Amino acid sequence: MPIAVVIDSLAVNKWEHSLIAYSKGMAIKKYTVSLGKGGNGKKQFEGDDRTPEGVYYINSKNPSSGFHKNLGISYPSPRDAAVAKSLGKASGGDIKIHGLKNGQGFIGKFQRWRDWTNGCIGLTDDEIDDLYNHTQVGTPIIIVR
């Protein structure tokens with residue numbers, strides 16, 4: 001991605017396993033992602049290993065996480081928390097866009113062969129570096145099935 005580009009929104013399509021980064025309303029970059037290993041449904045509670053669906057925002061940046069780097073997603077929303085509570089469960093949290101587990105960056109694009117996260121959105125280390133450098137806290141992200 002060109003150095004001067006600032007990402008102003010992100011869109012994840014779970015069915016397509018894609019994350020599209022937008023700047024000034026234009027699609028700038030499309031990434032192929034891995035998702036939660038719990039299946040294609042909407043995240044309902046902590047431990048279901050599903051990726052949430054809804055409108056969120058990037059609420060943190062961590063340059064030295066256990067998965068290379070990460071961008072935090074503002075899950076759970078009040079609605080997400082209410083759904084989990086109605087099921088008698090905790091909603092969980094700690095949903096991220098991240099790279100590969102530290103020490104496993106050599107896997108690279110092979111990580112796309114299956115959904116392997118605990119509900120997060122997985123990229124290669126090079127891809128999260130790229131996205132991390134151009135995305136600010138507060139950037140909206142929509143996740144759809």
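The following legends describe close-up views of a predicted model.

**View 1. An open sheet of eight strands with mixed pairing.** The strands follow the order E3-E2-E1-E8-E4-E5-E6-E7. Strand E3 (26-32) and strand E7 (121-122) form the edges, each pairing on one side only. Strand E6 (residues 96-98) and E7 run parallel and are joined by two bridges, with histidine 98 placed opposite glycine 122 in E7.

**View 2. Strand E4 and its antiparallel partners E8 and E5.** Strand E4 comprises residues 54-65. Four bridges connect E4 to strand E8 (residues 140-144); within E8, isoleucine 141 is the bridge partner of tyrosine 56. Towards E5, E4 forms five bridges, and serine 60 stands opposite glycine 72 in E5.

**View 3. A nonpolar surface patch made by Val55, Ile142 and Val144.** The patch has an area of about 240 Å². Valine 55 belongs to strand E4 and counts as exposed because its relative accessibility is 61%, over the 50% cut-off.

**View 4. Helix H2 across the sheet, with a salt bridge between aspartate 129 and lysine 69.** Helix H2 (residues 125-134) lies across strand E1 (9-13), strand E2 (18-23), E3, E4, strand E5 (68-73) and E6. The helix runs at about 55 degrees to E5. Between the side chains of aspartate 129 and lysine 69, the N to O distance is 3.1 Å. This pair links distant parts of the chain, with aspartate 129 in helix H2 and lysine 69 in strand E5, 60 residues apart. Lysine 69 is classed as buried because its relative accessible area is 18%, under the 20% cut-off.

**View 5. A salt bridge between arginine 112 and glutamate 127.** The closest N and O atoms of this pair are 2.3 Å apart. Arginine 112 lies in the loop between E6 and E7 and glutamate 127 in helix H2, so that the pair links distant parts of the chain, 15 residues apart. Arginine 112 is partly exposed, with a relative accessible area of 26%, whereas glutamate 127 is buried, at 11%.

**View 6. Further salt bridges of the model, including that of lysine 96 with aspartate 94.** The closest N and O atoms of lysine 96 and aspartate 94 are 3.4 Å apart. Lysine 96 is buried, with a relative accessible area of 17%, whereas aspartate 94 is exposed, at 61%. Elsewhere, Lys14, Glu53 and Arg145 are linked in a network of salt bridges. The count of salt bridges comes to seven.

How values were computed. Residues numbered from 1 in each chain as written. Predicted model: local features only at pLDDT ≥ 70, side-chain atom pairs only at ≥ 80, totals over all residues. Heavy atoms only, no water. Patch = residues over 30% accessible without salt bridge, like charges linked within 9 Å, V, L, I, M, F, W, Y side chains within 5 Å. Areas by Shrake-Rupley, 256 points an atom, 1.4 Å probe, with all protein chains shown as cover. Salt bridge = Lys/Arg side-chain N within 4 Å of Asp/Glu carboxyl O. Buried < 20%, exposed > 50% of the residue type's maximum accessible area, 1.4 Å probe, protein only. Pairing = 2+ DSSP bridges. Contact = heavy atoms within 4.5 Å. Axes fitted to C-alpha atoms, helices over the stretch in contact; angles between N-to-C directions.
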